[in-house]
Amino acid sequence: MGVLAIDGNAKKKRTVVNCLALLLMTVMTSQAQGRTDVLLNDGWTFRPISDTTYGKQGTAVTLPHTWNASYVKGTYYNRETMVYNRMLNVSEKMLRSNRLFLRFEGVNSVADVFVNRKTVGHHKGGYTAFCIEITDFVHEGNNELEVWAGNAFRTDVLPIAGDFNVYGGIHRPVHLLITDRDCISPTDYASRGVYVHQEKVSRQEAELRVETVLSLTTATETKQLRLTMTDAWGKVVAQRTDAVSGGVMQQDLSLKNPTLWHGRKNPYLYNIKVELLDGGRVIDMVDEQTGLRYFSVDPEQGFFLNGEHYPLQGFNRHEDVDGKGSALSADDHERDMQLISETGATMIRLSHYPQSRCFYDLADRHGMVLWSEIPLVGPGGYDFTGYVKNVEDNARQVALEMVYQNYNHPSVCFWGLFNELLVDEGRFREWDHPVGFVKELHHLVKQADPSRLTTFATCVQHTHYLGCSDLMAWNKYFRKPGNEPKVRQFYAEAKATRGGQPLGISEYGDAGSIHIHTDPRYDRTRDHAENYQLLTHEGYWRAIKDEQWLWCKCIWQFSDTQTSIRHEGDRDGMNDKGVVTYDRQVCKDIYYFYKAQWNPEPMVYITGRRFKNRKYGLTDVKAYTNQKEATLYINGRKIGKAKADDIGRLQWKDVQLSKGDNVIEVRLGKLSDTCTWTLKN
């Protein structure tokens with residue numbers, strides 16, 4: 001059951017413009033090209049809608065912003081409505097023969113937008129963009145922008161549940177778009193209005209169909225649409241110009257011997273410039289980057305990229321950073337991508353919602369395969385009904401917005417339909433039955449984008465969902481040392497009952513706090529201890545690492561995240577299953593375990609380095625490496641060599657520590673790693 005899917009990259013201005021520059025530039029396209037993009041992140045104030053004090057000034061903020069990044073009391077957090085205000089100065093030149101649009105990259109979870117106290121738009125869903133024309137609502141001079149942002153619980157807005165916090169606010173950038181009266185539409189599902197369909201891609205030839213949605217207010221007789229495709233060095237490789245014949249234009253391009261986007265090996269990007277001309281003059285222009293590739297998933301052999309087997313292994317990632325919640329900066333996104341890339345990961349699942357445009361652009365450039373999903377999320381740790389039919393309209397809307405806004409990214413190979421929609425086998429009978437709607441979502445997404453594959457993540461028997469999507473994946477945790485046989489048995493049974501559909505692993509892992517440590521030689525298992533997180537992962541990975549038929553293997557999760565339902569570990573309201581800490585300041589021991597598995601650059605890392613104060617003199621030393629062997633020294637004294645096992649572990653048993661400080665060093669040629677343990681008695 002190999003399923004072919006091909007597509008291209010999206011919303012990035014130029015090859016040389018990085019994500020940080022995109023967010024910081026005030027004007028991203030010159031007026032001469034017919035379109036101006038002004039970033040409106042400064043000058044905002046906000047206050048609770050419940051504060052009815054007349055004329056009261058709100059608190060000054062800069063976007064992206066969320067008001068509930070920190071807890072108010074215990075593990076409860078604000079779910080209310082805030083009012084954001086800003087003045088927008090509109091010049092006579094801006095109004096002259098132009099149109100003005102507001103584009104919000106994300107307002108969580110429901111937005112009502114007003115200009116000069118008049119309603120201009122409404123949007124449900126905090127993780128997809130929306131775009132509103134305000135031409136007829138503004139005047140020369142100062143205009144008041146007012147946005148009501150509400151993250152209160154609603155049964156008609158996704159997500160209705162989940163093991164993560166719903167941060168409120170304008171948590172992504174806002175843009176003012178100024179276009180000609182005739183333009184490439186910015187309001188088609190808030191996409192860029194340009195869709196690059198990869199009709200046929202091989203190493204010998206690429207056949208593309210570029211679909212452009214136009215917004216026209218005047219006659220078409222003098223108008224043309226020009227396509228220019230350039231390579232990574234700016235050389236023109238294909239070009240055509242056609243007379244405009246309607247509101248939707250279809251234009252074909254072909255390219256011989258294309259350079260393919262090949263994941264981490266070669267994330268090569270082409271640029272397609274779409275220009276709307278009137279009498280030979282450019283009146284609007286959109287730049288899109290496109291990576292050419294083809295892929296398939298085989299139920300027995302897994303994922304193939306450009307005809308080559310390409311293992312997909314990586315992390316689930318939430319947009320959640322200490323002190324910021326989901327209001328991430330470009331630097332935050334860059335840092336996360338860099339940390340993930342350094343492990344050698346090849347895939348990221350964007351859990352459990354479409355994420356910032358910035359991160360999709362980064363994935364394109366870093367060659368990271370993405371699974372992007374809508375926030376149709378089951379109850380997780382909540383003791384409530386997990387699926388209600390009232391949310392279906394919003395799920396349809398968000399699914400289409402996710403697809404069209406991210407259509408051109410080569411990194412996106414999979415559209416996710418849901419996560420853990422039901423968590424109890426018996427509840428398929430007790431609750432509203434979800435399968436019919438999931439099948440409807442699958443067909444809706446495939447109609448919008450037949451080139452990619454649909455999938456989902458389940459924690460109940462996958463046989464309930466056979467035929468609901470192209471692919472399936474399991475969220476399955478075996479959170480104890482010695483789990484390897486159980487993992488092997490579970491996936492052997494899953495393989496036998498999957499009905500021939502490709503099956504992957506969407507979540508696995510264990511909790512691990514850098515502040516909790518215990519010695520497994522002497523102490524019983526302690527939940528959330530950093531070293532026990534290692535034991536869980538070691539057994540799980542050993543069981544699945546050679547199972548090529550599993551189309552993906554995704555760890556839960558990249559970083560620790562806030563979640564109000566958890567009372568565990570060293571801090572309430574925290575899911576500490578990440579491989580890095582919530583503030584991104586510490587890569588846990590488990591981070592280096594996977595770096596030893598996936599990253600080809602020589603490395604060695606001693607585990608237990610934060611377990612500094614020891615009370616037992618006799619201990620074991622463990623390190624991770626991707627090399628064959630290494631030598632252990634303590635306080636400069638050679639202890640001996642150890643050979644790495646099949647999962648990169650170097651282990652020295654029954655090592656005697658001296659009283660006081662013990663400098664632990666593992667040498668591997670010119671490489672070495674050190675830490676200090678102190679024996680107290």
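A crossing of two helices is called right-handed if the near helix is turned clockwise from the far one by less than a right angle. In this predicted model, helix α5 passes helix α7 in a right-handed crossing. Two further places are described below, one around Ser-326, in the loop between β22 and α3, and one around Tyr-624, in strand β34.

**Helices α5 and α7**
- Helix α5, covering residues 392-405, packs with helix α7, covering residues 435-448, at an angle of about 25°, and their axes lie 10 Å apart.
- Because angles under 35 degrees count as roughly parallel, α5 is described as roughly parallel to α7.
- On the α5 side the contact includes Glu-392, Arg-396 and Leu-400, while among the α7 residues they meet are Phe-437, Glu-440 and Leu-444.
- The residues of this contact divide into ten nonpolar and three charged, with no polar ones.

**Around Ser-326**
- Ser-326 counts as buried, because its relative accessibility is 4%.
- The side chains of Ser-326 and His-171 are joined by a polar contact of 2.8 Å.
- Leaving aside residues up to four places away in sequence, Ser-326 touches Thr-66, Tyr-167, His-171 and Glu-319.

**Around Tyr-624**
- Tyr-624, which belongs to strand β34 (residues 618-625), has a relative accessibility of 0% and therefore counts as buried.
- Its side chain is joined to that of Glu-538 by a polar contact of 2.5 Å.
- Beyond residues up to four places away in sequence, Tyr-624 touches a set of residues including Leu-534, Asp-589, Phe-593, Met-603 and Arg-649.
- Tyr-624 and Gln-651 are 27 residues apart in sequence, and their C-alpha atoms are 8.8 Å apart in space.

How values were computed: Residues are numbered from 1 along each chain as its sequence is written. This is a predicted model: local features need pLDDT of at least 70, side-chain atom pairs count only at pLDDT 80 or more; totals for chains, interfaces and linings use all residues. Side-chain values use heavy atoms; hydrogens and water are left out. Axes are lines fitted to C-alpha atoms, for helices over the stretch in contact, and angles run from 0 to 180 degrees between N-to-C directions. Helices (H or I, at least four residues) and strands (E, at least two) are DSSP runs, numbered from the N terminus. Angles under 35 degrees count as roughly parallel, over 145 as roughly antiparallel, 65 to 115 as roughly perpendicular and the rest as oblique. Contact means heavy atoms within 4.5 Å. Ala, Val, Leu, Ile, Met, Phe, Trp, Tyr, Cys and Pro count as nonpolar, Asp, Glu, Lys and Arg as charged, and the others, Gly among them, as polar. Buried means under 20% relative accessible area, exposed over 50%, partly exposed in between (1.4 Å probe, protein chains only). A polar contact is a pair of N or O atoms within 3.5 Å; within protein, one must be able to donate a hydrogen and the other to accept it, and residues adjacent in sequence count only if both atoms are side-chain atoms.
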